[in-house]
Amino acid sequence: VQLQASGGGLVQAGGSLRLACAASGRTFINMGWFRQAPGSEREFVAAVRRSGHTYYAESVKGRFTISRDNAKNSVTLQMTNLKPEDTADYYCTGGDGVLSAIRSASTYHNWGQGTLVTVSS
């Protein structure tokens with residue numbers, strides 16, 4: 001099982017970036033993104049169920065949009081109005097956890113490599 005993330009980079013505050021993640025080897029009920037800034041724990045960003053229902057952290061709601069293509073076994077994260085506090089390594093993930101735990105990193109067992117997003121002020 002592999003998840004391959006791409007799309008990170010350097011952007012000015014207020015700018016946009018699009019992250020993409022392609023999974024192979026199996027499909028997942030939940031696909032999502034977490035992020036981890038230096039010295040901080042990995043935190044939930046957004047997730048999407050196979051049904052298409054989406055879930056967001058309060059800090060990104062209204063600015064980030066997650067979507068998935070079940071046929072291509074992929075997930076994307078469109079990030080707009082980026083802020084310096086969005087700077088982090090972003091990790092895509094897939095899992096089959098229950099809905100009540102969709103924001104918990106411990107319920108995901110398949111992770112892609114991090115892709116760095118840096119937002120300058």
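Is Asp 86 buried or exposed, and what is its relative accessible area? Asp 86 is buried, at a relative accessible area of 1%. Buried means under 20% relative accessible area, exposed over 50%, and partly exposed in between (1.4 Å probe, protein chains only).

The model is predicted, so local features need pLDDT of at least 70 and side-chain atom pairs count only at pLDDT 80 or more, while totals for chains, interfaces and linings use all residues. Residues are numbered from 1 along each chain as its sequence is written, and side-chain values use heavy atoms, with hydrogens and water left out.

**View 1. The nonpolar core.**
The largest nonpolar core holds 33 residues. Such a core is a set of buried Ala, Val, Leu, Ile, Met, Phe, Trp, Tyr and Cys residues joined through side-chain atoms within 4.5 Å. Trp 33, Val 45, Phe 64, Ile 66, Leu 77, Met 79 and Tyr 90 have the most contacts inside the core. Strand S5 (residues 43–49) gives the most to this core, with five residues. Strands (E, at least two residues) are DSSP runs, numbered from the N terminus. In soluble globular proteins, nonpolar side chains tend to be buried together.

**View 2. Around Met 79.**
Neighbours within four places in sequence are left aside here. Met 79 is then in contact with Gly 15, Ser 16, Leu 17, Leu 19, Arg 63, Phe 64, Tyr 90 and Val 117. Contact means heavy atoms within 4.5 Å.

**View 3. Arg 35 and its partners.**
Arg 35 is buried, at 5% relative accessibility. Its salt bridge with Asp 86 has the closest N and O atoms 2.9 Å apart. A salt bridge is a side-chain nitrogen of Lys or Arg within 4 Å of a carboxyl oxygen of Asp or Glu. Arg 35 lies in strand S4 and Asp 86 in the loop between strand S8 (74–79) and S9, so the pair ties together parts 51 residues apart in sequence. Salt bridges that share partners join Arg 35, Glu 43, Arg 63 and Asp 86 into one network. Between Arg 35 and Glu 43, the closest N and O atoms are 2.6 Å apart. Glu 43 is partly exposed, at 37%.

**View 4. Asp 96 and Arg 26.**
The structure holds five salt bridges. One of them joins the side chains of Asp 96 and Arg 26 (2.3 Å, N to O). Asp 96 lies in the loop between strand S9 (88–95) and strand S10 (110–111), and Arg 26 in the loop between strand S3 (17–24) and strand S4 (30–36), so the pair ties together parts 70 residues apart in sequence. Asp 96 is partly exposed, at 40%. Arg 26 is partly exposed, at 31%.

Technical notes
Helices (H or I, at least four residues) and strands (E, at least two) are DSSP runs, numbered from the N terminus.
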